Amino acid sequence: MLNRRHLRVKVMQTLYAYSLSEDKNIVNFEKSLLKSVEEVDEMYIWTLNLLDEVAEYVLIDVEGIANKWIPSDKDKNFTSTKLNSNTFIDSLRQNREYLEKVKRYKVDWNYDPEIVRSIYSQLKDSEAYLEYLNLEDRSISAEKDIIKYIFKKIILKSPDIEQAIDERFINWQVDKEVLQAMIAKTFKKFQL
């Protein structure tokens with residue numbers, strides 16, 4: 001998943017730590033390097049799963065709107081579950097490798113459900129989401145555009161989300177750029 005440049009950076013960080021360490025056991029540093037690379041992949045899966053969770057939250061929100069006695073005019077705009085059936089999200093949910101890694105890394109955003117709710121709330125307030133809901137076009141590019149918007153304009157810009165990910169992954173600030181590149185590559189490769 002990582003390109004050569006990022007692997008070189010990880011190797012150099014490990015070599016530098018090795019040179020400063022009094023413990024010259026190479027096996028420990030090799031394990032540290034592999035763990036560092038694995039952690040980037042884990043961050044990638046957690047982030048993809050966050051997109052999936054936001055799409056799943058649409059169902060909860062629509063159900064809440066349906067249960068209201070008198071929904072507001074604004075609520076009437078958000079009765080569609082279109083995001084939950086987004087082709088990118090559907091293909092993600094059917095990807096065996098992704099599902100295996102979700103299980104292996106024990107990915108579960110239920111430890112802080114406010115994060116998913118916060119992302120969806122910001123999404124509902126955006127013009128891009130309203131346009132997406134009103135758009136009849138279900139082409140791959142239209143479906144990808146809303147997912148890109150969620151990732152770039154909400155997930156990467158929200159301090160609450162950054163704090164939650166930073167608490168979980170200590171190297172988040174260093175590996176954030178790598179993660180962005182991995183997600184961008186995923187968007188670019190996505191086709192039906």
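## Helix α2 and the model

Helices are DSSP runs of H or I with at least four residues, strands are runs of E with at least two, and both are numbered from the N terminus. The expected span of a helix is 1.5 Å times one less than its number of residues. Helix α2 (residues 26-66) has 41 residues, and its first and last C-alpha atoms lie 60 Å apart, close to the 60 Å expected at 1.5 Å a residue. At its N-terminal end, α2 is capped by Asn25, with a side-chain oxygen 3.2 Å from the backbone nitrogen of Val27.

This is a predicted model, in which local features need pLDDT of at least 70 and side-chain atom pairs count only at pLDDT 80 or more, while totals for chains, interfaces and linings use all residues. Residues are numbered from 1 along each chain as its sequence is written, and side-chain values use heavy atoms, with hydrogens and water left out.

## Overall chain

The chain contains 10 helices and zero strands, in the order α-α-α-α-α-α-α-α-α-α along the sequence. Along the principal axes, its C-alpha atoms fill a box of roughly 70 × 30 × 25 Å. Of the contacts (heavy atoms within 4.5 Å) with a separation of 6 or more, 75% join residues 24 or more positions apart.

Of the 192 residues, 43% count as buried; buried means under 20% relative accessible area, exposed over 50%, and partly exposed in between, with a 1.4 Å probe and protein chains only. The accessible surface (Shrake-Rupley method, 1.4 Å probe) comes to about 11,600 Å², with 52% of it belonging to carbon and sulfur atoms. The chain has 30 positive and 33 negative charges, whose mean positions are 6 Å apart. Lys and Arg count as positive and Asp and Glu as negative, without His and the chain ends; the charges are placed at NZ of Lys, CZ of Arg, CG of Asp or CD of Glu.

Glu100 is in helix α5 (residues 96-104). Its relative accessibility is 49%, so Glu100 counts as partly exposed. Its C-alpha atom is separated by 15 Å from that of Thr47, 53 residues apart along the chain.

Helix α6 (residues 113-124) has 12 residues that should span 16 Å at 1.5 Å a residue, which agrees with the 17 Å between its end C-alpha atoms. The buried residues in α6 include Ile115, Ile119, Tyr120 and Leu123. An α-helix has 3.6 residues a turn, so residues three or four places apart point the same way.

## Glu143 in α8

Glu143 lies in helix α8 (residues 140-155). Glu143 counts as buried because its relative accessible area is 0%. Its side chain makes a polar contact with the side chain of Arg138 at 3.2 Å. A polar contact is a pair of N or O atoms within 3.5 Å; within protein, one must be able to donate a hydrogen and the other to accept it, and residues adjacent in sequence count only if both atoms are side-chain atoms. Leaving out residues up to four places away in sequence, Glu143 touches Lys82, Ser85, Asn86, Thr87, Tyr132 and Arg138.

Arg168 belongs to helix α9 (residues 159-168). With 41% relative accessibility, Arg168 counts as partly exposed. Beyond residues up to four places away in sequence, Arg168 touches Trp46 and Tyr111.

Trp172 is in helix α10 (residues 172-189) and counts as buried at 2% relative accessibility. Apart from neighbours within four places in sequence, Trp172 is in contact with Met43, Leu156, Glu162, Ile165, Asp166 and Leu179.
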